[in-house]
Amino acid sequence: MSHAETKKFSLGRIVATPGALEALRDAGQQPGEFLGRHVTGDWGSLDEEDRQTNDAALINGSRILSAYVTRKGERIWIITEATNDVGLRYSSTILKPEDY
């Protein structure tokens, strides 16, 4: 990880839906490729409003959503839960939008 790609938040426990794992397998891609982008603030293919919401979530502890596209053109989301009472993010989920 280069200096510019510092982790901006904790992912917590990482889980994935079967559909997302199948989409990644079909594309020959690993979850870590997208998790690495997510945790360093590369939110993927989000509009400006959603990017600003994520940037604010780094400060206010709300939910973080990133959207990516696999090499095969399938959409993948990563959602990291909001922080709990002690400021920890419990988990991050890799899913397809239709799994939401």
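Glu-5 sits in the segment before strand E1 (strands, E, of at least two residues and helices, H or I, of at least four are DSSP runs, numbered from the N terminus). At 40% relative accessibility, Glu-5 counts as partly exposed; buried means under 20% relative accessible area, exposed over 50% and partly exposed in between, with a 1.4 Å probe and protein chains only. From Glu-5 to Leu-46 there are 41 residues in sequence and 19 Å in space, C-alpha to C-alpha.

A word on the source: this is a predicted model, in which local features need pLDDT of at least 70 and side-chain atom pairs count only at pLDDT 80 or more, while totals for chains, interfaces and linings use all residues. Residues are numbered from 1 along each chain as its sequence is written, and side-chain values use heavy atoms, with hydrogens and water left out.

Now for the sheet. Four strands make up an open sheet, in the order E1-E4-E3-E2 and with mixed pairing (two strands pair if DSSP finds at least two bridges between them). Strands E1 (13–16) and E2 are the edge strands, each pairing on one side only. On average, neighbouring strands of this sheet are turned by 15° against each other, direction ignored; axes here are lines fitted to C-alpha atoms, for helices over the stretch in contact, and angles run from 0 to 180 degrees between N-to-C directions.

Strand E3 (residues 75–80) is mostly covered, with five of its six residues buried. With E2 (residues 64–69), E3 pairs in the antiparallel sense over six bridges, and Val-69 stands opposite Arg-75 in E3. The hairpin of E2 and E3 has five residues between the strands, and Gly-73 in this hairpin takes a positive phi near 85°. E3 also pairs with E4 (residues 91–95), again in the antiparallel sense, over four bridges. There, Trp-77 has Leu-95 in E4 as its bridge partner.

Ser-91 belongs to strand E4 and is buried, its relative accessible area being 6%. Which residues does Ser-91 contact, leaving aside its neighbours within four places in sequence? They are Leu-11, Gly-12, Arg-13, Ile-79, Thr-80 and Glu-81, where contact means heavy atoms within 4.5 Å.

On to the helices. In H1 (residues 18–27), the buried residues are Ala-20, Ala-23, Leu-24 and Ala-27. They cover an arc of only 95° around the axis, so they are on the same side of H1; the arc is that of the directions from the helix axis to the C-beta atoms. An α-helix has 3.6 residues a turn, so residues three or four places apart point the same way. Among the parts covering the buried residues of H1 are H2, E3 and E4. Pro-18 and Arg-25 are exposed, on the face of H1 turned away from its buried side. Just after H1, Gly-28 takes a positive phi of about 70°. As for H2, this helix lies across E1, E2, E3 and E4 and runs at about 135° to E2.

Aromatic rings come next. The whole structure holds three aromatic pairs; rings of Phe, Tyr and Trp (its six-membered ring) pair if their centres lie within 6.5 Å, and planes under 30 degrees apart count as stacked, over 60 as edge-to-face and the rest as tilted. One of these is the tilted pair of Phe-34 and Tyr-68, 5.5 Å centre to centre with 45° between the planes. Phe-34 lies in helix H2 (residues 31–39) and Tyr-68 in strand E2, so this pair ties together parts 34 residues apart in sequence. Both Phe-34 and Tyr-68 are buried. Trp-77 and Tyr-100 make an edge-to-face pair, at 5.8 Å centre to centre and 65° between the planes. Because Trp-77 lies in E3 and Tyr-100 in the segment after E4, the pair ties together parts that are 23 residues apart in sequence. Trp-77 counts as buried at 18% relative accessibility, whereas Tyr-100 is exposed at 63%.

Arg-37 and Asp-42 form one of them, with the closest N and O atoms 2.8 Å apart. Glu-74, Lys-96 and Glu-98 are linked in a network: Lys-96 meets Glu-74 at 2.8 Å, N to O, and Glu-98 at 3.4 Å between the closest N and O atoms. Lys-96 is buried at 14% relative accessible area, Glu-74 is partly exposed at 25% and Glu-98 is exposed at 58%.

Note on methods
A salt bridge is a side-chain nitrogen of Lys or Arg within 4 Å of a carboxyl oxygen of Asp or Glu.
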